[in-house]
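Subject: Structure for your study

Dear colleague,

Please find the sequence and the structure below.

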Protein chains: 2
Amino acid sequence: MDSPKYFEDFHPGQKFLLGEYELTKEKILAFARAFDPQAHHLDEDAASRTLLEGLSASGWQVGAIAMRLCAEHLLNHTHAAGGTGVEECRWLKPARPGDILRLEVEILAVSPHPRRPVGFVKMAWDLFNQREKVAHIVTTPIIARRDAAA
Amino acid sequence: MDSPKYFEDFHPGQKFLLGEYELTKEKILAFARAFDPQAHHLDEDAASRTLLEGLSASGWQVGAIAMRLCAEHLLNHTHAAGGTGVEECRWLKPARPGDILRLEVEILAVSPHPRRPVGFVKMAWDLFNQREKVAHIVTTPIIARRDAAA
């Protein structure tokens, strides 16, 4: 493994392929009970009668899975220092039991913090299952600057 | 409890106060291990040396807690049918162990689906702890129309 990346190591257009995460019925139900106790995430029979046509993960679980893949395979190999939010999060298709999810990350923009020794790395996260894109997220982690560490 | 609300029962400017959720160190660590295994969410000592100045919840957990409050106290008392995404999510302050979180929901806009018997209810979620606003989220649940059910 290379030494951890700094803000200066990121450039618009860079892409990273990060995977994989296996989604199961048990994980969907556990997350729904804790955070999104709606019938279409909690109950297979009720879910089959909804617009979603079957059990699907909470959209917040889908985002959290993308976060997991990005943290484990990218941010934990940088000097990451948190984030300020999500600019956009689109749930394009339901995430189902049995889905194997992988994440494509593209760096969109980089900008140094005006006063602190960090920078903002705006990135697109596209989450795919075996067949299609499930979610599109834009978010901006904060990463320490090499010039400030030097 | 009133009968479940339909799309037509929502109007821009309506506000709902929904609470409460107690955040604990154990909940922060469990979520971080599952979805956001970065040091500032996983390790109190490491967290104290970061910009966040102490252990704080993953931003995705903060969003999921807002989802929980909205599902339990509002959407589960409607004919809700999922959602398409999050227009905006801002993490304004760290969410810490011991925080008691409550959610203020304001309806921003309503629009019927052009073809299906549902409508989009765009809402702002403002999540507060005992002292200040922790997060601001804009999201658009889908809710069944009464006119289509009649």
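The notes that follow begin with one chain and then turn to the pair.

The structure is a predicted model, in which local features need pLDDT of at least 70 and side-chain atom pairs count only at pLDDT 80 or more, while totals for chains, interfaces and linings use all residues. Residues are numbered from 1 along each chain as its sequence is written, and chains are lettered from A and ligands numbered from 1 in the order in which they are written.

**Chain A**

Chain A contains five helices and five strands; helices (H or I, at least four residues) and strands (E, at least two) are DSSP runs, numbered from the N terminus. Along the sequence these elements follow the pattern β-α-α-α-α-β-β-β-β-α. The C-alpha trace of chain A spans about 60 × 25 × 20 Å along its principal axes.

Of the 150 residues of chain A, 39% count as buried. A residue is buried if 20 or more other C-beta atoms lie within 10 Å of its own, exposed if 12 or fewer, and partly exposed in between, with C-beta atoms placed from the backbone. Two residues are in contact if their C-beta atoms, placed in that way, lie within 7 Å. Among contacts in chain A between residues at least 6 apart in sequence, 73% join residues at least 24 apart.

**The sheet**

Strands of a sheet pair through backbone hydrogen bonds, either parallel or antiparallel. Here, two strands are said to pair if DSSP finds at least two bridges between them. Ten strands form an open sheet with antiparallel pairing, in the order E1(A)-E3(A)-E4(A)-E5(A)-E2(A)-E2(B)-E5(B)-E4(B)-E3(B)-E1(B). Its edge strands are E1 (15-22) of chain A and E1 (15-22) of chain B, each of which pairs on one side only. From one strand to the next, the twist averages 25 degrees; axes are lines fitted to C-alpha atoms, for helices over the stretch in contact, and angles run from 0 to 180 degrees between N-to-C directions.

Within chain A, ten bridges join E3(A) to E4(A), and these strands run antiparallel. A hairpin of five residues links E3(A) to E4(A), and A:Val105 stands opposite A:Trp125 in E4(A). E4(A) also pairs with E5(A) in the antiparallel sense, over nine bridges. Four residues lie between E4(A) and E5(A) in their hairpin, and A:Val118 stands opposite A:Ala144 in E5(A).

Where do the two chains join in the sheet? Strand E2 (residues 80-91) of chain A is joined to E2(B) by four bridges, and the two run antiparallel. The bridge partner of A:Gly85 in E2(B) is B:Arg90, and A:Cys89 stands opposite B:Val86.

**The helices on the sheet**

H4(A) lies across E1, E2, E3 (100-112), E4 (118-128) and E5 (133-144) of chain A together with E2 of chain B, and runs at about 120 degrees to E1(A).

Helix H4 (residues 59-73) of chain A also packs with H4(B), at an angle of about 175 degrees and with the axes 10 Å apart. H4(A) and H4(B) are therefore roughly antiparallel to each other; angles under 35 degrees count as roughly parallel, over 145 as roughly antiparallel, 65 to 115 as roughly perpendicular and the rest as oblique. A:Trp60, A:Gly63, A:Ala64 and A:Met67 of H4(A) make this contact with B:Trp60, B:Gly63, B:Ala64 and B:Met67 of H4(B). These residues divide into six nonpolar, two polar and no charged. Ala, Val, Leu, Ile, Met, Phe, Trp, Tyr, Cys and Pro count as nonpolar, Asp, Glu, Lys and Arg as charged, and the others, Gly among them, as polar.

**The interface and the symmetry**

The contact between the chains takes 30 residues from chain B and 30 residues from chain A. On the side of chain B that touches chain A, E2(B) supplies the largest share, ten residues. By class, that side has 15 nonpolar, eleven polar and four charged residues.

Two copies of a chain are related by a rotation about an axis and a shift along it. In this model, a rotation of 180 degrees with 0.0 Å of shift along its axis superposes chain B on chain A (RMSD 0.0 Å). That is the relation of a two-fold axis. Copies are superposed by least squares on the C-alpha atoms of residues with pLDDT of at least 70 in both. Of the residues of chain B, B:Glu88 comes closest to the rotation axis, at 2.8 Å (C-alpha). Because 100% of the interface residues of chain B are also interface residues in chain A, the copies meet through the same surface.

With kind regards
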